[in-house]
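Hi,

Here is the structure I promised to pass on.

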Amino acid sequence: MVAGTAAEAAGWSNWAGNQHSVATAVLRPSSVDEAADQVRRAVEAGERIRPVGSGHSFTPVAVADGQRMDLTRLAIDVRVDVDRRLVTVPAGMTLRELNALLAGHRLALPNLGDIDAQTVAGAISTGTHGTGAAHGGLATFVEALTLVTGAGEVLRCSAEKHPDVFDAARVSLGALGVLVEVTLRCVDAFVLRAHERPASLDSVLAELPGLVDAHDHVEFFWFPGTSRVQLKTNDRVAVDDLPLPRWRGWLDDDFLANTVFAGACRLGRAVPALAPGISAFSARALGERRYTGRSDAVFCSPRRVRFLEMEYALPREALVDALDALRRIVHGLPFAVLFPVEVRFSAADGIWLSPAHGRESAYVAVHQYVGMPYEPYFRAFEEVAMGLGGRPHWGKLHWRDAGSLAPAYPRWHDFQALRTHLDPHHTLTTPYLSTLLG
């Protein structure tokens with residue numbers, strides 16, 4: 001019974017169910033010192049350690065072939081400096097927990113993606129982002145971090161202290177060390193006015209430069225096989241004067257976007273001939289709505305329908321060419337695509353392995369319902385994205401390796417040198433990281 005329990009605990013799979021592993025042991029440190037001691041013991045024993053968050057990456061980035069480190073029991077004193085708008089939290093805290101903590105102090109993160117189940121460490125380490133031309137990804141909000149290196153050393157890093165490590169470790173895929181503590185720059189709590197409406201893809205693309213400049217946050221979802229999109233804009237306002245009625249939120253976000261959509265996807269998977277009609281139905285199911293709400297409640301949405309995803313960050317000026325090519329790809333596929341394509345925008349940043357390093361970016365995310373064919377679709381778009389200078393989201397599916405990635409990142413070789421310095425015994429590497437990073 002004990003052995004069975006241990007084996008069950010060592011098993012792991014990600015949210016999408018496409019990645020699995022069985023660890024040789026599961027480490028659950030309760031303090032930074034204990035985490036550092038566990039890394040040092042692994043070095044002495046020639047073991048490998050892989051820190052794991054909530055499992056919301058689609059790639060094998062969290063797959064452990066040695067010991068798995070779970071940070072959920074890590075005891076870190078949460079510190080909130082309201083006057084300086086800084087919060088220090090354990091890296092294993094989820095974004096949902098962080099948002100609730102900040103709201104209690106009338107603070108918020110400047111931007112968020114649409115999923116809040118990720119851990120802070122997982123979100124920043126893989127380059128998670130939201131949308132907004134003036135906003136970088138979540139890693140750009142990091143003011144300081146504490147890292148347990150692959151040698152078991154505890155490093156506290158910021159723009160002033162170990163600045164190179166700081167610039168590299170904010171998006172590092174866990175290859176430089178175990179993130180145990182993160183300090184984030186926040187803003188005063190704010191209200192967003194959301195406007196969501198159906199439109200045609202061509203009209204949105206024609207208006208896009210003005211839309212992106214005119215709104216704080218812009219994104220749209222294109223329904224493959226149709227000319228329809230759902231356009232979403234979010235803007236800061238002073239007063240929460242148009243809250244979404246509870247029944248409307250349930251109807252749109254729970255019933256239509258999850259329950260009904262899940263049923264439609266299952267039907268399309270079982271009877272592929274119905275897929276074009278299902279896609280057309282999905283494009284028209286959500287109508288126009290305007291509402292206000294607390295920022296994190298507007299940014300984040302429930303995601304209960306399982307899917308696989310690939311996302312590429314492109315130079316913003318390449319977006320139209322990318323979508324033109326994507327339309328041709330979808331038209332030529334021997335199977336239907338049941339999930340919409342999501343398009344978002346971000347500011348440039350200086351983080352070494354950030355997909356938005358050094359350039360304003362448009363992110364294009366392609367999805368497919370679980371159990372449906374996806375690889376020909378994803379690979380075809382990846383070829384287009386690579387030709388346009390695209391960089392993959394580190395937590396989303398792709399087929400790049402170190403040889404193809406190195407030319408895409410100006411600080412790639414600096415990152416490799418730092419990795420060698422901080423993890424000299426390859427304690428934090430995995431077979432996947434060896435392919436990805438070299």
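Let's begin with a helix pair: Leu 201, Asp 202, Leu 205 and Leu 208 in α6 meet Leu 319, Leu 323 and Arg 327 in α10. Contact here means heavy atoms within 4.5 Å, and helices (H or I, at least four residues) and strands (E, at least two) are DSSP runs, numbered from the N terminus. By class, this contact of α6 with α10 has five nonpolar, no polar and two charged residues (Ala, Val, Leu, Ile, Met, Phe, Trp, Tyr, Cys and Pro are nonpolar, Asp, Glu, Lys and Arg charged, and the others, Gly among them, polar).

Before the rest, some housekeeping. This is a predicted model, where local features need pLDDT of at least 70 and side-chain atom pairs count only at pLDDT 80 or more, while totals for chains, interfaces and linings use all residues. Residues are numbered from 1 along each chain as its sequence is written, and side-chain values use heavy atoms, leaving out hydrogens and water.

Now the sheet: five strands make an open one in the order β6-β7-β11-β9-β10, with antiparallel pairing (strands pair if DSSP finds at least two bridges between them). β6 (79-81) and β10 (154-158) stand at the edges with a single partner strand each, so one side of each is left without a neighbour in the sheet.

Cheers
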